[in-house]
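Please take a moment with the sequence and the picture before I go on.

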Amino acid sequence: MSSLRKAGRPRLWWLLAIPVVLIGGALMAAQGHSFDVLQPAGQVGDKERSLLLLVTILAAAIVIPVFALTAAIVWRYREGNSKSKYSPELDGNVFAEFTWWVIPLVIITVLAVIAWNSTHSLDPNKRLVSANKTMTIQVVALEWRWLFIYPEQGVASLNYVNIPANTPIDFEITADAPMNSFWIPKLGGQIYAMPGMTTHLNLVADKIGTYRGSSANLSGDGFAGMDFDANSMGQDAFDLWAKAAKKLPASLSTDEYLSISKPSKDKHTTAYASVSADLYDRVVMKYMMPGMELK
Amino acid sequence: MFGRLTWEALNNGPIVLIGDLSMLGGVLTVVAALTYFKRWKWLWKEWLTSLDPKRIGVMYIVIALIMLLRGGVDAAMMRGQQAVSVGSDHGFLNADHFQQIFSAHGTMMIFFVAMGLMFGLINLIVPLQIGARDVAFPFLNSVSFWLFASGFALINISLVVGVFSAAGWLAYPPLSELQYSPGVGVDYWIWALQIAGVGSLLSGINFLITILRMRAPGMRLMDMPLFCWSVLCSMSLVAFAFPILTVALALLALDRILGMHFFTSGEGGNPMMYINLIWAWGHPEVYILILPAFGIFSEVVATFSRKRLFGYVSMVWALVAITFLSFIVWLHHFFTMGAGADVNSFFGIMTMIIAIPTGVKVFNWLFTMFRGRIRLTTPMLWFLGFVTTFTIGGTTGVIMSVPPADFQLHNSLFLVAHFHNMIIGGVVFGYFAGLVYWFPKVFGFRLNEKIGRLVFWNWLIGFILAFVPLYILGLMGATRRMDHYDASMGWQWLFIVAAVGVAFIMFGVLLGIWQGVVSIYQRKANLDTTGDPWDGRTLEWSTASPAPFYNYAVIPEVTDRDAWWVRKQAKIKPGKIHYEDIYLPKNSAMGIYIAASAFTLGFAVVWHIWWLALAGLIGIITLVIIRVSDPEGHEYVVTADEIKALEARS
């Protein structure tokens with residue numbers, strides 16, 4: 001063992017200052033940019049953030065004592081400290097072991113209750129409670145564009161979505177492309193967009209603003225560029241936009257749909273004055289029944 | 001004649017060409033060195049055809065380390081790309097190449113680095129720890145290794161001939177189906193994993209039986225070293241989980257080759273089925289990797305605290321609980337698929353329950369150090385690095401086990417940071433601790449301690465630098481796998497720091513190679529003459545270092561846990577030793593031939609060269625029949641006198 005000790009113990013823990021400085025610096029550089037998950041602009045995102053912080057605090061209640069205990073034990077019982085007690089045969093203590101089976105058990109029980117309740121209250125399928133009536137927007141993930149259809153207004157938009165603030169939105173989501181994930185972090189969590197299926201995501205924007213929407217699941221070549229703006233605006237502004245869209249020359253016919261659903265990295269935004277009847281349903285059904293391809 | 005294979009398959013642009021040339025350079029250097037030093041025969045007889053698990057273990061580790069270099073270069077390219085590809089600048093990699101790189105990175109790191117290090121250490125140590133001379137099925141063990149090696153060959157050949165999958169390391173359909181990935185990339189992925197996976201399954205069964213049937217007389221299950229317990233749990237997971245992988249891959253292959261519709265979007269296919277199947281294997285896989293690391297730390301902490309392991313029974317039950325739970329949490333990988341709240345909360349709660357037995361293990365390790373005499377050697381540094389990083393990873397894991405919180409973190413860089421926290425901080429640190437700890441048992445000398453510490457600090461600092469920024473980026477809403485992003489997001493500096501972190505880790509890897517070179521050069525100074533360099537506790541330290549090819553001249557009798565420590569404390573003088581004849585397996589090249597046929601089969605199917613595929617298949621069947629009907633027998637005898645002579649010499 002003596003040769004081991006002679007090998008020298010370069011004291012290198014001060015190197016830990018490097019990450020502190022560099023990560024601190026990068027954080028400073030990120031100042032002024034949005035921490036979408038931590039700075040939500042809608043009640044769903046808000047609740048999800050609170051949940052995230054609550055669980056973090058509960059977990060920290062165990063982790064921080066563990067760190068302190070580790071440091072204390074390693075320091076006190078280091079080989080060089082001959083004053084510390086040495087009990088080589090000590091290999092168990094019923095009370096101690098009972099404690100560390102039970103304390104985590106209690107914390108996890110609390111967490112389990114939180115998980116059960118929050119999963120049910122924040123179920124993305126569930127309509128949000130609000131004074132305003134929920135509005136439906138249909139979403140189709142394409143290669144590599146996002147198509148939004150507003151059945152109540154009879155219009156559609158490509159690569160951006162407009163929503164009235166404070167009106168709960170029920171996004172009906174499908175894909176006519178490899179599986180994707182529809183995520184507007186400022187408003188709340190994501191849900192998969194899958195061909196031949198519809199998923200629901202209920203969100204609401206509490207504030208007026210433009211939020212980044214992203215394609216969160218690898219869906220092929222153009223996936224990284226497949227983001228869109230979600231514009232939350234006053235009800236009046238939204239109505240005005242919908243009315244203006246109705247007067248646009250372009251309409252979303254089946255032919256136009258077939259043309260925009262071809263793979264492309266082109267991200268131009270546009271709106272359509274009208275939408276071919278039942279387009280969303282036909283996009284879903286084309287995968288479900290032979291002979292139902294869009295023509 | 002050659003299916004889809006044309007000369008065009010060799011043309012993949014300048015960056016891949018550099019990779020090809022460096023690989024070719026490496027191979028030529030090895031070939032030249034072997035020829036110059038006239039070592040071909042030695043290589044064949046002593047290593048390639050050997051059925052000695054210690055030799056096979058070393059070969060596993062060599063492959064794992066080569067793949068660590070390749071996977072590391074991939075990581076560096078990914079973070080390098082993300083550090084510069086801002087706004088209109090799309091970096092030096094196009095989207096398809098970038099996607100191939102992260103798909104290859106994940107595949108190689110899990111299937112070849114982590115699995116390779118794991119099976120390597122298991123081969124080296126499990127027979128020694130249970131006081132056995134060999135594994136239950138030595139020939140099968142060689143087949144397993146060579147199948148693993150042919151998966152390795154297939155994944156590397158994809159760099160030169162054709163392309164690799166760009167569909168992510170788990171190749172979710174429908175992206176991985178013919179419709180969206182018509183090339184050979186996904187096929188390479190399928191067949192490399194299929195062949196290596198069958199090897200892993202066979203190996204899992206082999207070690208399961210080895211541990212259950214070949215323990216030294218007197219060693220009850222509850223007397224086994226914790227590492228053996230962890231391997232027992234891990235291998236039972238292998239036996240149950242890997243068949244699921246085999247089936248999932250086979251069905252995907254049928255979709256791609258025969259135009260079937262198991263997982264396609266239309267025609268009655270269901271991609272969600274694949275995602276369930278792949279994670280029903282994939283989640284246990286995570287525990288297959290981490291449990292042996294837990295076992296290693298249990299050995300390391302007890303040895304370097306000079307104390308019995310605290311709460312042995314609790315430790316065993318915690319392992320068993322984790323083993324069981326790991327099969328009922330797979331859905332937490334896709335809470336966002338739209339399942340109802342009941343289903344999501346069930347899987348969320350099952351997931352957080354795993355934190356209980358894991359927490360118990362951490363406390364028991366800490367109290368193993370309590371009232372001990374702690375020597376802060378390199379394996380202990382890896383342990384301390386593990387406790388801190390792994391606990392943080394556990395915390396972020398518990399956060400993501402709450403489904404609504406997961407909706408905001410899934411597919412983000414937060415998730416990427418989390419699982420690297422578990423895989424690097426847990427699995428890799430654990431296996432590195434094991435490598436340093438058991439190195440003298442395998443090679444007869446210790447690794448250089450000073451450089452070992454530098455390796456550790458580079459990895460730890462690199463790890464923090466590389467992954468803390470990813471947690472932050474995830475909270476900013478950055479998704480994973482992006483080859484470029486908008487400048488307005490303010491992400492660039494965090495990506496740059498992450499890239500610096502990768503540079504630290506790569507420097508750590510290079511230092512690790514340097515450590516190996518220096519240690520070999522100075523081996524005389526670090527020679528282990530006692531067989532017990534760390535004042536160990538378990539049986540492997542009772543035999544010479546390097547362990548003789550027969551492991552034990554006389555099979556030890558076990559009466560207690562920490563069998564070797566107890567014997568040392570009791571100061572029993574060995575009485576008159578009674579040697580007996582030892583039967584050991586003969587060398588066999590059949591494993592190599594079978595794996596070569598499997599490689600041929602895989603390569604041929606990837607390129608649709610059907611006659612060659614048929615030849616490969618017939619080859620495998622014929623070789624197995626020849627092997628099992630070999631009349632000469634597969635064992636040779638080392639007589640008692642020979643053993644006596646060998647023992648007297650050492």
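This is a predicted model: local features need pLDDT of at least 70, side-chain atom pairs count only at pLDDT 80 or more; totals for chains, interfaces and linings use all residues.

Let me begin where the two chains meet: between chain A and chain B there are 28 residue pairs in polar contact, counting pairs with both residues at pLDDT 80 or more.

Which elements make up the side of chain A that touches chain B? At least two residues each are supplied by the helices α1 (2–6), α2 (17–30), α3 and α4 (94–121) of chain A, and also by its strands β6 (180–184), β7 (188–193) and β9 (209–215). Among these, α3(A) gives the most, with 14 residues. If we sort the residues on that side of chain A by class, we find 59 nonpolar, 28 polar and 16 charged.

As for the extent of this interface, 103 residues of chain A are in contact with 113 residues of chain B. The size of an interface is often given as the accessible area lost when the parts come together. Here chain A and chain B bury about 9400 Å² between them, and 71% of that lies on carbon and sulfur atoms. On the chain A side, A:Trp100, A:Trp101 and A:Leu218 supply 8% of the area buried against chain B, which is more than any other three residues.

Let me turn to charged pairs. Side chains of opposite charge can pair when their charged atoms come close. Over all chains the structure holds 19 salt bridges, and two are found across the interface of chain A and chain B. A:Glu79 and B:Arg306 meet through their side chains in a salt bridge, at 3.1 Å from N to O. Within chain A, A:Asp170 forms a salt bridge with A:Arg127, with the closest N and O atoms 3.0 Å apart. That pair links distant parts of the chain, 43 residues apart, since A:Asp170 sits in strand β5 (residues 169–175) while A:Arg127 lies in the loop between α4 and β1 (135–141).

Finally, I come to the second largest pocket, which holds about 1500 Å³ of space. Of its 46 lining residues, the closest to the centre are A:Leu16, B:Leu384, B:Thr388, B:Trp457 and B:Leu460. The lining takes at least two residues each from α3 (43–76) of chain A and from α12 (378–400), α14 (413–443) and α15 (449–475) of chain B, with the largest share, eleven residues, coming from α15(B). By class, this lining has 30 nonpolar, nine polar and seven charged residues.

Methods: Residues are numbered from 1 along each chain as its sequence is written. Chains are lettered from A and ligands numbered from 1 in the order in which they are written. Side-chain values use heavy atoms; hydrogens and water are left out. On a 1 Å grid over the protein atoms alone, a cavity is a set of points where a 1.4 Å probe fits but cannot get out, and a pocket is an open set with protein on both sides within 12 Å along at least five of seven lines; lining residues have an atom within 4 Å of a point. Grid points are joined across faces, edges and corners, and a volume is the space filled by probe spheres set on the points. Helices (H or I, at least four residues) and strands (E, at least two) are DSSP runs, numbered from the N terminus. Ala, Val, Leu, Ile, Met, Phe, Trp, Tyr, Cys and Pro count as nonpolar, Asp, Glu, Lys and Arg as charged, and the others, Gly among them, as polar. Contact means heavy atoms within 4.5 Å. Buried area is the accessible area (1.4 Å probe) that two parts lose on being put together, summed over both. A salt bridge is a side-chain nitrogen of Lys or Arg within 4 Å of a carboxyl oxygen of Asp or Glu. A polar contact is a pair of N or O atoms within 3.5 Å; within protein, one must be able to donate a hydrogen and the other to accept it, and residues adjacent in sequence count only if both atoms are side-chain atoms.
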